Amino acid sequence: MMISQDLYPTEEDFLYEEEVLRNPNNLKLWWRYLIARSDAPFKKRSIIYERSLKALPGSYKLWHAYLRERLEIVRNLPITHSQYQTLNNTFERALATMHKMPRIWIMYLQSLTKQKLVTKTRHTFDRALCALPVTQHDRIWEYYLVFVSQKGVPIETSLRVYRRYLKYDPSHIEDFIEFLINSELWQEAAERLAGVLNDDRFYSIKGKTKHRLWLELCDLLTQHATEISGLNVDAIIRGGIRKFTDEVGRLWTSLADYYIRRGLLEKARDIFEEGMTTVVTVRDFSVIFDAYSQFEESMLSIKMESMDDSDEEDDEANEEETEEEEEVDDRLDIEKLRKRIDKFWLKDDNDVDLRLARLEYLMDRRPELANSVLLRQNPHNVEQWHRRVKLFEGNPTKQILTYTEAVRTVDPMKAVGKPHTLWVAFAKLYESHKDVSNSRVIFDKAVQVNYKILDHLASVWCEWAEMELRHKNFKGALELMCRATAEPSAEVKRRVAADGNEPVQMKLHKSLRLWTFYVDLEESLGTLESTRAVYERILDLRIATPQIIINYAMLLEDNKYFEDSFRVYERGVKIFKYPHVKDIWVSYLSKFVKRYGKSKLERARELFENAVKAAPAEAVKPIFLQYAKLEEDYGLAKRAMEVYDQATKALPPNEKLGMYEIYIARAAEIFGVPKTRQIYENAIESGLPDKDVKAMCLKYAELEKSLGEIDRSRALYKHASQFADPRSDPDFWNKWHEFEVQHGNEDTFREMLRVKRSVTASYSQTHFILPEYLMQKDQMQTLEEAKDVLKKAGVADDEMAVLERQLLPPVNEATKNDTGRRLGFVSAGLQQNGGETTANREDIELPEDSESEDEDKVEIAQKEVPAAVFGGLVRKRDEETGEDAEGDESNTKESTDGDGNLGARERFKKRRGA
């Protein structure tokens with residue numbers, strides 16, 4: 001065979017050829033030669049590879065590069081191409097020396113897997129496992145398992161390979177189980193999965209828990225019930241139910257599904273029923289019930305469909321049989337008799353009505369079954385037992401059975417709720433059906449139960465007595481209460497003390513609820529003596545309440561035992577302390593005063609004094625008011641005032657103001673207004689809160705103003721001003737402002753402004769937030785407000801003066817607009833006599849830059865001074881000036897037309913202008 005010229009070495013190859021010929025065992029020379037001819041055709045390169053491998057057959061580098069190039073050549077060729085055979089031969093030649101190299105084996109095995117040569121590939125995998133050390137087998141098994149998982153590989157082959165692999169690495173049993181499931185080998189998959197669950201040392205490499213594996217086994221067993229045998233499915237699933245409590249509902253449905261697939265429908269129903277009666281969570285119950293109802297519905301629908309198809313065939317068969325029977329009437333024919341028996345309704349396949357009734361019965365039982373689940377969670381839940389009884393409403397037998405089971409099951413010490421209500425409801429059930437004797441039996445058993453709480457036992461006794469009252473057995477009700485409240489004997493107490501476990505019946509004679517009911521019965525049905533005996537017994541046991549004391553006293557009062565009633569009150573106030581004794585004192589004092597009034601005044605005073613001493617400051621006010629009313633009605637007014645004064649000192653600071661107001665009102669009504677001055681002064685000096693002192697000063701000032709005492713009223717305003725911040729309490733300053741406008745003069749008005757500035761300065765260190773409406777004012781109503789705002793903003797006095805002049809109206813216009821004299825204003829400025837202006841000698845000359853000019857723009861109202869202020873001086877003056885009245889008439893007229901009608905503000909402006 002001729003070799004192509006292209007395969008011969010060229011001139012460029014001579015250099016490499018000489019080197020490899022000179023030293024053929026040098027790998028670098030061959031590798032340099034191959035790199036230099038990387039662009040040459042593969043045939044030429046393959047010759048170089050073959051020559052180099054002939055010289056160096058053990059070179060892994062050369063074999064690996066050669067085989068990779070050969071794999072690239074066949075990459076896009078069909079697997080039937082002849083190049084694959086050449087490739088396989090090359091791999092075989094390489095493995096002759098490279099059989100310890102796993103990479104060469106892997107390349108070869110991947111190529112064979114791609115060629116779908118099953119037998120050859122399997123043999124090659126076996127050869128690789130035999131040639132390589134065990135430490136490198138995991139690299140081969142990875143591709144081996146991929147190969148046997150392919151389609152077309154016989155199942156038996158795959159099983160054998162997987163079994164061999166599990167001997168090498170048993171931890172990959174999950175992969176084998178997954179392969180079995182994918183291969184639909186259910187029997188072996190179930191056995192392997194069961195073996196895994198039985199192995200306590202098994203650890204899942206895929207992170208699956210025993211719980212998940214158990215659920216997978218249950219699903220496998222139930223979904224392929226007919227294909228799997230040899231395993232006790234019932235025992236396996238029940239074991240899972242006992243072990244994994246969070247999936248109980250699913251496991252029960254799986255077990256029922258297993259029997260359904262096996263065709264054992266009645267067994268499946270038993271499983272459903274067992275599951276619903278054993279689960280303890282509503283979620284599991286819902287899962288089982290839904291599966292059960294779905295199963296019954298599907299069975300009913302299947303039966304109805306099959307019956308529709310078979311109806312037509314049955315009709316035709318019946319017609320034929322009828323014709324035969326008409327022809328032959330042989331009653332002794334055994335075959336015909338057997339056919340007739342088979343058609344009997346018990347053997348009838350048409351059981352649609354039965355299945356429908358079964359489904360309806362299941363649906364009707366759902367509330368009862370759900371309640372049973374909740375009771376299994378806590379059999380001592382009283383509320384659930386009551387709900388269970390309501391489910392059987394209209395069925396007394398079931399209700400009685402339920403109550404019987406409830407009172408036997410519920411432990412009063414562990415009960416959630418009130419266990420005595422079960423006994424009471426049980427007895428009322430008999431009573432509602434006119435069976436009072438059995439109701440008494442139930443109550444008799446109920447009072448013997450050792451309840452956890454005394455009130456429960458007392459409630460049972462009260463209910464029993466109420467039942468007797470409903471049936472007009474009044475004597476029996478009283479006997480029951482007497483029996484219930486009887487104190488245990490000393491022997492019984494010793495026996496119980498020896499046992500160490502004292503039942504609640506030993507404390508029953510101290511039950512307040514029982515005694516209260518008993519005393520109500522005695523008041524309604526018994527005599528006065530028996531009722532008093534019960535009340536006395538309550539007091540002796542020291543279980544009385546303030547209400548019982550009041551009821552006892554009112555009972556005695558209604559029966560005209562007044563002194564006995566007051567003695568009961570006395571016992572009550574000795575037994576109880578505040579605040580419980582408050583109602584007793586109020587009732588005691590009011591009843592005593594109503595009964596005796598003025599006849600026993602000293603005793604009443606003593607009672608009130610004791611009540612006041614016993615009462616805390618917060619609760620003493622109504623007693624003082626009641627005490628003062630007693631003195632006003634039956635005693636001395638002076639003592640009433642002393643009581644009010646004592647009350648103002650005893651009350652807490654927050655209630656003193658109200659008490660002082662009452663005190664002042666009563667003093668004014670009894671002794672007149674002047675008497676209140678001392679009370680006002682005492683109130684102001686008594687240590688009231690600042691806001692109350694201010695309020696009291698305002699009221700006092702109003703009083704003085706009404707009496708014409710202007711100076712005293714002004715002094716009160718001045719005293720109260722120290723408690724009124726102009727920024728937070730503008731109402732006070734507005735009142736003072738109005739007061740000065742009406743009753744003051746220029747000096748007093750300036751004094752008010754001075755006090756206001758000083759108070760503002762004293763409060764300037766206090767952080768205060770102005771009300772929002774003040775912050776949002778667009779205009780200042782007066783000049784004073786504008787000045788205050790500027791001063792707060794930090795504007796200097798000089799700048800403030802400039803702004804003040806801009807805000808002032810012209811002087812002439814102000815004079816023209818104010819031509820009328822203010823009525824009743826006592827001038828402190830200029831006076832006119834005979835048309836000539838004479839300056840006031842006591843007038844104070846003010847400098848031009850005086851601060852007072854800031855305030856002289858305020859208009860002051862004028863009012864006549866009452867004549868009562870001057871008294872007899874007015875009459876004396878009138879007598880002295882009466883003779884010259886006619887001569888001065890003209891002068892008076894002229895002065896009226898002159899400047900005499902000007903107020904202080906206008907005269908001050910005029911003088912400055914001059």
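Author: Start with helix H21 (residues 396-409) and helix H22 (residues 420-432), whose axes come within 10 Å and cross at roughly 155 degrees. Angles over 145 degrees count as roughly antiparallel, so H21 is roughly antiparallel to H22. The crossing of H21 past H22 is left-handed. On the H21 side, the contact is made by Gln399, Ile400, Tyr403, Thr404, Ala406 and Val407, and H22 brings Leu422, Trp423, Ala425, Phe426, Leu429 and Tyr430. Sort the residues of that contact by type and you get 10 nonpolar, two polar and no charged. Keep in mind that all of this comes from a predicted model.

Now for another pair, further along the chain. Helix H28 (residues 528-541) packs with helix H29 (residues 546-558) at an angle of about 155 degrees, and their axes are 11 Å apart. That angle makes H28 roughly antiparallel to H29, and the crossing of the two is left-handed. From H28, the contact takes in Leu528, Thr531, Arg532, Tyr535, Glu536, Ile538 and Leu539, while H29 supplies Ile548, Ile549, Asn551, Tyr552, Leu555 and Leu556.

Asp564 itself lies in helix H30 (residues 562-575). Its relative accessible area is 16%, so Asp564 is buried. Follow the chain on from H30 and you reach Pro579, in the loop between H30 and helix H31 (582-596). Click on the peptide bond that joins Tyr578 and Pro579: this one is cis, with omega about 5 degrees. Most peptide bonds are trans.

While you're checking backbone angles, have a look at two lysines. Most residues other than glycine have a negative phi. Lys116, though, has a positive phi, near 60 degrees, and Lys472 has a positive one too, near 65 degrees. You'll find Lys116 in the loop between helix H6 (102-114) and helix H7 (118-131), and Lys472 in the loop between helix H24 (454-470) and helix H25 (474-484). With a relative accessible area of 53%, Lys116 is exposed. Lys472 counts as exposed as well, because its relative accessibility is 64%.

Helix H9 (residues 155-168) has 14 residues and reaches 20 Å from its first C-alpha to its last, close to the 20 Å expected at 1.5 Å a residue. Its buried residues are Thr157, Ser158, Leu159, Val161, Tyr162, Tyr165 and Leu166. What covers the buried residues of H9 includes H7, helix H8 (137-148), helix H10 (173-182) and helix H11 (186-198). Helix H3 (residues 42-55) can be checked likewise: at 1.5 Å a residue, its 14 residues should span 20 Å, and the end C-alpha atoms are 20 Å apart, which agrees. Among the residues buried in H3 are Lys44 and Arg45, along with Ser46, Ile48, Tyr49, Ser52 and Leu53.

Note on methods: Residues are numbered from 1 along each chain as its sequence is written. This is a predicted model: local features need pLDDT of at least 70, side-chain atom pairs count only at pLDDT 80 or more; totals for chains, interfaces and linings use all residues. Side-chain values use heavy atoms; hydrogens and water are left out. Helices (H or I, at least four residues) and strands (E, at least two) are DSSP runs, numbered from the N terminus. Buried means under 20% relative accessible area, exposed over 50%, partly exposed in between (1.4 Å probe, protein chains only). The expected span of a helix is 1.5 Å times one less than its number of residues. Axes are lines fitted to C-alpha atoms, for helices over the stretch in contact, and angles run from 0 to 180 degrees between N-to-C directions. Angles under 35 degrees count as roughly parallel, over 145 as roughly antiparallel, 65 to 115 as roughly perpendicular and the rest as oblique. A crossing is left-handed if the near helix is turned anticlockwise from the far one by less than a right angle, and right-handed if clockwise. Contact means heavy atoms within 4.5 Å. Ala, Val, Leu, Ile, Met, Phe, Trp, Tyr, Cys and Pro count as nonpolar, Asp, Glu, Lys and Arg as charged, and the others, Gly among them, as polar.
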